[in-house]
Amino acid sequence: MKIAVAGTGYVGLVTGVCLASKGHGVTCVDVDEQKVEVMKQGVSPIYEPGLSELMKESMDHLTFTTDYESAYKDADVIFIGVGTPEKVDGSANLAFVYQVAKQIAASVQKDCVVVIKSTVPIGTNDKIESYIHDKQKHNVSVYVASNPEFLSQGTAVKDTLHASRIVIGADEEKPAEILKKVYQDFDAPKLVVGRRSAEMIKYASNDFLALKISYVNEIANLCETVGADVEEVTMGMGYDSRIGDRFLNAGIGYGGSCFPKDTKALSWLASFNDNEIRTIKAAIEVNDSQKFKLVKKARKYYDDFLFLNIAILGCTFKPGTDDLREAPSLVNVPLLLEDGAYLRIWDPVGQDNFKKQIQNKNIQYFDTIEEAIDGADLCLIFTEWDDVVKFDITKYEELMKTPIVLDGRNCYPLSAFEGTKTTYCSIGRKTVNDR
Ligand code: UDX
């Protein structure tokens, strides 16, 4: 099938490459000429495990262009995978989606299905369909269908090729049949529902996961106060298949491009419709304060951070990605700098992006964890990178000036620190070697 994909971010590019790997002819469209040039060479502009390899293998079926007209005019299916960032009031900004819809209306010369993959408020598919029908230049049938993505960054390729489910939101049979054909070689359950339900499935799923994390974080905070261990607690909870044992990791809160944005968008949408979704509001509030948990803990050890050398391990919102969106590091680093600390940052792939966002003469970047913790008065772990998890913990004691490790991602078993001189304080568990 001839497929066009608008937008080459995490969603658009991964979708385009995965569809090409199944033999579809895919043209990926982006406004960024430089990015398009890079992709034409078979190079992925984003860090995503397995993406570069699959892209290289599928180049025979892939085209990259800024020329949307040629891409859309005779496509059978056009996926919209552009961003829907958060507006100041928490609602989703649909400007990019409408921009693409406008270009589609001006370009299509053949019957086609426009598929909205971007996360959009309930009712957007209806509006985009009317918008395209009003503006379209040629008299052809344009259907609009919803097909939300459920990919996680860091496992996006795997999550797309082996999806937990493929949700097809269509109000007519024809677009549903065409989308089933697009995905016929994907080994995943295919679910055909109404368009509005498909849009809601995406928000309801993401927000449920965010809620689960905030819930477990509150349980973790209580565990600290009452002397229980959150990992033992979640292990006990997870055996109940109604609860499940995934997404129960306590920590310094969720970040990323989806949970923070989608919780706020659903909450906004509810209040806009004279409803209130109180559970999600609470999840947002809990997450906002959880992000500062490590710095709050650090104040127990130091009255202020003036002239302290603080090692920061990890700045991305999770491992396996160079993405910093809504990462706890982004709100904590300015706070520490404001207090006069010297920061020694290590992150295997996120450093370059971090440098672009926060420039300060009191930040130094290091290639190894050893260098970052060398001589430090405090070490804060924001991301559970494999290198951190597998790090020889005796080195904290050996290299730090004062071995105090505050772990926001529970990277180590408590027993690892027993018998050492390192103070190890994590989330929802007792502190080892407290001082
Ligand atoms: C998420 C959803 O998982 C995915 O289905 C959706 O399509 C997009 O949003 P992503 O943002 O890439 O994916 O990452 P995810 O692995 O879900 O983690 C999000 C955040 O939650 C991270 O900051 C992570 O550290 C945090 N998290 C996750 C926890 O704090 N505890 C957990 O148990 C799981």
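1. A salt bridge is a side-chain nitrogen of Lys or Arg within 4 Å of a carboxyl oxygen of Asp or Glu. The side chains of E370 and K395 form one, at 3.0 Å from N to O. The model here is a predicted one. E370 belongs to helix 16 (residues 369–373) and K395 to helix 18 (residues 394–399), so this contact ties together parts that are 25 residues apart in sequence. E370 is partly exposed, at 28% relative accessibility. K395 is also partly exposed, at 23%.

2. Shared partners matter for the next point. Salt bridges join D126, E129, D171, R195 and R196 into one network. Within it, R195 pairs with D171, and their closest N and O atoms are 3.5 Å apart. R195 lies in helix 9 (residues 195–226), while D171 lies in the loop between strand 7 (166–169) and helix 8 (173–182), so the pair ties together parts 24 residues apart in sequence. R195 is buried, with a relative accessible area of 6%. D171 is partly exposed, at 48% relative accessibility.

3. Look next at K291 and E326. They form a salt bridge, with 3.6 Å between the closest N and O atoms. K291 sits in the loop between helix 12 (278–290) and helix 13 (293–301); E326 sits in the loop between strand 9 (309–313) and helix 14 (328–338), so the bridge ties together parts that are 35 residues apart in sequence. K291 is buried, at 7% relative accessible area. E326 counts as partly exposed, at 32%. In total, the structure has 26 salt bridges.

4. Now the aromatic side chains. The structure holds 14 aromatic pairs. In one of them, the ring centres of Y412 and F417 are 5.6 Å apart and the planes stand at 70 degrees, so the pair is edge-to-face. Both residues, Y412 and F417, are buried.

5. Y412 has another aromatic partner, Y424. This pair is edge-to-face, with 5.8 Å centre to centre and 65 degrees between the planes. It links distant parts of the chain, 12 residues apart: Y412 is in the loop between strand 13 (404–407) and strand 14 (423–425), and Y424 is in strand 14. Y424 is buried, as is Y412. One aromatic cluster is formed by F391, Y396, Y412, F417 and Y424.

Definitions and conventions. Residues are numbered from 1 along each chain as its sequence is written. This is a predicted model: local features need pLDDT of at least 70, side-chain atom pairs count only at pLDDT 80 or more; totals for chains, interfaces and linings use all residues. Side-chain values use heavy atoms; hydrogens and water are left out. Rings of Phe, Tyr and Trp (its six-membered ring) pair if their centres lie within 6.5 Å; planes under 30 degrees apart count as stacked, over 60 as edge-to-face and the rest as tilted. Buried means under 20% relative accessible area, exposed over 50%, partly exposed in between (1.4 Å probe, protein chains only). Helices (H or I, at least four residues) and strands (E, at least two) are DSSP runs, numbered from the N terminus.
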